[in-house]
Each structure stands twice: as structure tokens, then as C-alpha cells.
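These are my notebook entries on a single chain.

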Amino acid sequence: MVNTKLNLCGITIDNPVIPASGTFGFGYEFAEIYDINCLGTFSFKGTTKDARFGNPTPRIAECKMGMINSVGLQNPGVEAVVSEELPKLKKVFSKPVMANISGFSVGDYVYTCEALNNEEQIGWFEVNVSCPNVHGGGMSFGTSPEAAAEVTKAVKAVAKKPVIIKLSPNVTDIVSIAKACEEAGADGISLINTLLGMRIDLKTKKCVIANKMGGFSGPAIFPVAVRMVYQVYDAVNIPVIGMGGVSTAEDVIEMMLAGATAVQVGAANLVNPFACKEIIENLPAVMEKYGINDLNDIIGGAH
């Protein structure tokens with residue numbers, strides 16, 4: 001019998017498979033088609049201080065081996081998440097959930113964290129300093145070690161849960177940013193968020209996305225994600241959550257060998273709503289195939 005249980009920042013999870021923020025809503029939508037308690041946990045839809053309608057449409061574009069999205073953090077705002085979304089989730093999910101938060105100022109992050117602090121369902125804060133779709137915030141925080149550290153320190157000062165910082169791959173030196181977050185008190189690092197991409201319509205000769213550029217995700221970015229997880233694992237002493245193009249149980253094993261303690265699945269959920277369930281079901285057989293009895297033994301195994 002193989003062991004898939006892991007410790008993520010002090011909380012035991014049954015397996016390393018976590019649907020990524022923005023691809024799983026607030027969970028209860030997927031609970032209509034399968035029991036989502038099979039998941040390790042999931043990261044709920046990116047939440048901001050105030051409600052956001054998001055970016056203008058069209059905001060999705062297909063690509064070979066992936067997709068571009070520029071949704072723009074559409075969400076009902078943190079007060080509605082507390083009063084409406086979390087009570088609905090509680091009816092269908094009995095495990096701690098990961099709260100993904102974003103903001104356009106350090107104060108926004110602190111406000112949103114404090115508003116969610118006392119919600120017993122929340123096990124971790126995943127702080128998004130890396131969203132490339134929104135003007136005025138996400139990208140600038142995530143591309144500077146100093147700015148990323150400033151957000152980390154401010155959130156850690158108020159957070160009652162472990163703080164995981166989600167980093168952008170759209171930088172020249174991911175390691176320096178990860179180290180700055182660790183030094184500022186981060187309990188974990190999530191990477192990677194989407195790469196910045198664009199499509200142009202040959203008929204109209206205009207950008208497909210109304211916002212021109214958006215976040216590129218899907219299987220095409222998997223090698224970039226593995227490389228960055230490998231680099232960051234070498235540089236920090238806190239858990240790393242790997243993501244970016246993960247779509248199979250084999251991908252999960254590869255991410256963990258690179259250094260991931262847990263693995264998020266994003267775009268695959270939009271192609272196949274059962275993606276995470278199928279990965280979890282396939283994981284024991286893949287572990288046995290490669291002679292792995294305990295997932296804890298392979299974290300960083302490629303180093």
C-alpha cells in the first residue's frame with residue numbers, strides 16, 4: 001500500500017493534488033459532478049478586497065498545447081466570499097481550503113487576509129503577487145524582490161494561517177524573489193503562475209484578447225515550471241507547491257522530484273472537469289510503476 005499523505009506547512013493533506021486558483025471556482029460547482037473530498041485541498045478563486053467584474057471580453061484564447069486567459073480576477077469581493085461562498089463550500093467540502101488572495105496595494109492584501117482570518121475552513125493563505133492580467137498591482141509586486149517581500153511581511157504580520165506566496169514566472173531571476181519572500185517570513189512558495197502571452201486574429205488583424213495580453217497556461221509551460229521549481233527548491237528551506245501545465249499523475253511525480261511538496265492542476269480542469277479526480281485515482285499505480293512507496297521520499301529527489 002503506497003503512502004500519498006504529505007505535510008503542507010503544518011497541515012496534513014491526503015495527497016498532493018490541488019486544483020489551482022481560478023480553475024475550480026469556490027469548489028461547490030465541481031462538487032455537483034464528483035466528491036471533491038478526494039482532493040488534497042484546492043485553492044479557491046482569487047479574492048480581492050472589493051468585488052471585481054474583471055476584464056472586458058473576449059478574454060480567453062486557445063493556443064496549441066494551452067490557452068491564454070485575461071479574466072482579471074473577477075470575484076464577488078471578500079465580504080461576499082465570507083458570507084455566501086464559504087457557507088456553500090462547507091456543505092460539500094470537509095477539509096481545510098486554500099484561500100487565494102490578491103490586491104492592488106499592500107493594504108488591500110492585509111484587509112483581505114484579516115477578513116478571512118477567522119474562517120475555520122481556511123487552512124492556508126495563498127498570496128498572489130503574480131497575476132499578469134490586472135493593471136495596477138499583481139505584476140509589479142511579483143517582479144521585484146523588495147515588493148514581494150513587503151507584501152509577504154505585511155500579510156505575515158496579521159495572518160493566523162500559513163502564508164504561501166504565489167510567484168510570477170515573468171521575471172529574469174525567480175530565485176532572488178523566492179528567497180526574499182522566505183526571508184520576509186513566507187511559510188511556502190507557489191510557482192509558477194501563467195506566462196505572459198498574446199494571440200492575433202489573422203482576419204481582423206487585431207489581438208484576440210480585448211486586453212491584448214493574458215496569462216498563458218497549459219501543457220506547453222510544464223518544462224518552464226519544472227525548471228523554476230527545481231531552482232527554487234535549491235534556494236529555500238520552505239515547502240514549494242509546483243504548478244504549470246500539470247495534467248497527469250506522471251507530471252505530479254516529476255514536479256515532486258524537482259522539489260514540490262504538493263502540486264496544483266490548473267488549465268487541465270478547464271479541459272476536463274474530472275482531471276484532478278483522475279490524477280488522484282491514477283497516482284498509486286504510477287507510484288508502484290516507478291517503485292515509489294511514499295511520496296515524502298521523492299520530494300527533491302532529482303537534486
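**Entry 1: the largest pocket.** I worked on a predicted model throughout. I looked up the lining of the largest pocket and found that strand S5 (66-69) and helix H9 (267-271) each supply at least two residues to it. The lining comprises 34 residues, and Ser-21, Gly-22, Thr-23, Asn-69 and Thr-194 lie nearest the centre of the pocket. By class, I noted 13 nonpolar, 18 polar and three charged residues in this lining. The volume of the largest pocket came to about 650 Å³.

**Entry 2: the chain as a whole.** I recorded ten helices and 15 strands in the chain. The radius of gyration is 18 Å, close to the 19 Å that the globule rule gives for 303 residues, so the chain is as compact as a globular protein of that length. The C-alpha trace spans about 55 × 50 × 40 Å along its principal axes. Of the 303 residues, 57% count as buried.

**Entry 3: helix H5.** I checked the length of helix H5 (residues 145-158). Its 14 residues reach 21 Å from the first C-alpha to the last, close to the 20 Å expected at 1.5 Å a residue. I then listed the buried residues of H5, which are Ala-147, Ala-148, Ala-149, Val-151, Thr-152, Ala-154 and Val-155. As background, an α-helix has 3.6 residues a turn, so residues three or four places apart point the same way.

**Entry 4: cysteines.** How many disulfides does the count give? The count comes to zero. Cys-181 counts as buried because its relative accessibility is 0%. Cys-207 is likewise in no disulfide, and the nearest cysteine sulfur, that of Cys-63, is 13 Å away. With a relative accessible area of 28%, Cys-207 is partly exposed.

**Entry 5: cis peptide bonds.** The bond from Thr-57 to Pro-58 is cis, with omega near -5 degrees. Pro-58 is found in the loop between helix H1 (28-31) and strand S4 (60-63). A cis peptide bond also joins Leu-191 and Ile-192, where omega is about 10 degrees. Ile-192 has its place in the loop between strand S9 (188-191) and strand S10 (195-197).

**Entry 6: positive phi.** Met-65, although not a glycine, has a positive phi of about 60 degrees. I located Met-65 in the loop between S4 and S5. Is Met-65 buried or exposed? At 55% relative accessibility, Met-65 counts as exposed. Leu-73, also not a glycine, has a positive phi of about 55 degrees. I placed Leu-73 in the loop between S5 and H2. Leu-73 counts as buried, at 13% relative accessibility.

**Entry 7: two further loop residues.** Val-246 lies in the loop between strand S14 (240-243) and helix H8 (249-258). Val-246 is buried, with a relative accessible area of 2%. Pro-96 has its place in the loop between helix H2 (78-90) and strand S6 (97-101). Pro-96 is partly exposed, at a relative accessible area of 31%. For Pro-96 and Thr-12, 84 residues apart along the chain, the C-alpha atoms are separated by 9.7 Å.

Notes
Residues are numbered from 1 along each chain as its sequence is written. This is a predicted model: local features need pLDDT of at least 70, side-chain atom pairs count only at pLDDT 80 or more; totals for chains, interfaces and linings use all residues. Side-chain values use heavy atoms; hydrogens and water are left out. On a 1 Å grid over the protein atoms alone, a cavity is a set of points where a 1.4 Å probe fits but cannot get out, and a pocket is an open set with protein on both sides within 12 Å along at least five of seven lines; lining residues have an atom within 4 Å of a point. Grid points are joined across faces, edges and corners, and a volume is the space filled by probe spheres set on the points. Helices (H or I, at least four residues) and strands (E, at least two) are DSSP runs, numbered from the N terminus. Ala, Val, Leu, Ile, Met, Phe, Trp, Tyr, Cys and Pro count as nonpolar, Asp, Glu, Lys and Arg as charged, and the others, Gly among them, as polar. The expected span of a helix is 1.5 Å times one less than its number of residues. Buried means under 20% relative accessible area, exposed over 50%, partly exposed in between (1.4 Å probe, protein chains only). A disulfide is a pair of cysteine sulfur atoms within 2.5 Å. The radius of gyration is taken over C-alpha atoms; the globule rule is 2.2 Å times the number of residues to the power 0.38.
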